[in-house]
Amino acid sequence: MTPSTPDAAPAAGPRVSVVMTVYRDFRFLDEAVDSILAQTHRDLELIIVDDGNRNDPLFEDLARRDPRIRTVISPENIGTAAAANLGIAAARGEIIARLDADDIAEPARIGALVAALDADPDLGLVGSSVMLIEEMGRPVQLQPMPETDLDIRWTILFHNPFYHSAVAFRREWFEAAGRYRIEELVSQDHYLWFDMMPHCRARNLPEPLIRYRQNTAGLTVMNSTNNPRGRTHKIREAEWARIGLAYDLYDNARAGSITTFLRGQDIPLEQRATAYSAILNVLIVFLAARRPFVRPEDRRSARRLVRDMIDRMTSRPPEVADMRALRRLFWKLSPVATIRSSLRPSRQEPG
């Protein structure tokens, strides 16, 4: 049997196609669907891909709920990446937005993403900060994300710069990137951003436009391994090579302390010297390397990134004996920011 859609699509379509793939876990599906139907931006369709569930009544009921809902049926389970490609192939919108079947979109989400794309023709990939929620919906914490194109290109050197459910992208750049890699069972989103970013600028909006559920039956948890970072080493190897560095963050403990710090959280005193030094040495090379789609505002982003990095490191310093070497690296990045930071008192470690 081949995948099929239950109704023929008219020639003219909506501006935005929201694509949602569904496999096995139906507990939060109604809430996810309702959050798209409640969007203030109305020029959209919702493509729901039944990834081999063999539950025809459920998906028939969904298709009857609203004329903007269309279902795509895969008779067999083909995996999230292939199912998403199938849904996007059936979509009619020039803008594709994603939403996982256990997450919730805030009402202004689609409108905000469309406005950002309309304001910048070079912008092809846009997401937002997210509100993390526990499994039954209680808010846990706001998770800010790297906002500017430069911040995102810096972040992907270390970890994923987007939450999948928060993202929308121009269909043309999705196709140019080669679509989702179907061999990537879990990290297909991370690889898609990596494949898209040579073609367009990227951005995250500061507003939390998604409630991201920490689902114990979610794709990442159900496909966990002893080394989840190993799935995406190839991305970082390629990105580091592009700027002239040999990737060396295969040690999960060392990489974990670096990504924890880069996500805005504090790390233990004994980890700081090693983590800070690694970050600064990569940052020096990154800022000197060529990047696509460079604009004047990227210089402001670079200055702000350097200033924030130096301020955070000096406010939570390593051991005194390690600071001299770090200050030499600070000076290479920005003498002004180094002098400015030296005038600020460091936070004292608890006794």
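This is a predicted model: local features need pLDDT of at least 70, side-chain atom pairs count only at pLDDT 80 or more; totals for chains, interfaces and linings use all residues.
Mentor: Residues are numbered from 1 along each chain as its sequence is written, and side-chain values use heavy atoms, with hydrogens and water left out.

Trainee: Why are helix 13 and helix 14 called oblique to each other?

Mentor: Helix 13 (residues 320-333) and helix 14 (residues 335-342) pack at an angle of about 130°, with their axes 5 Å apart. Angles under 35 degrees count as roughly parallel, over 145 as roughly antiparallel, 65 to 115 as roughly perpendicular and the rest as oblique, and helix 13 and helix 14 are therefore oblique.

Trainee: What makes strand 1 largely enclosed by the rest of the structure?

Mentor: Buried means under 20% relative accessible area, with a 1.4 Å probe and protein chains only; seven of the seven residues of strand 1 (residues 16-22) are buried, so strand 1 is largely enclosed. Val16, Val18, Met20 and Val22 point one way from strand 1, while Ser17, Val19 and Thr21 point the other way, and all are buried.

Trainee: How do you know that strand 1 and strand 2 pair?

Mentor: Two strands pair if DSSP finds at least two bridges between them, and strand 1 and strand 2 (residues 44-51) have seven bridges, in the parallel sense. The bridge partner of Val18 in strand 2 is Leu46.

Definitions and conventions. Axes are lines fitted to C-alpha atoms, for helices over the stretch in contact, and angles run from 0 to 180 degrees between N-to-C directions. Helices (H or I, at least four residues) and strands (E, at least two) are DSSP runs, numbered from the N terminus. Buried means under 20% relative accessible area, exposed over 50%, partly exposed in between (1.4 Å probe, protein chains only).
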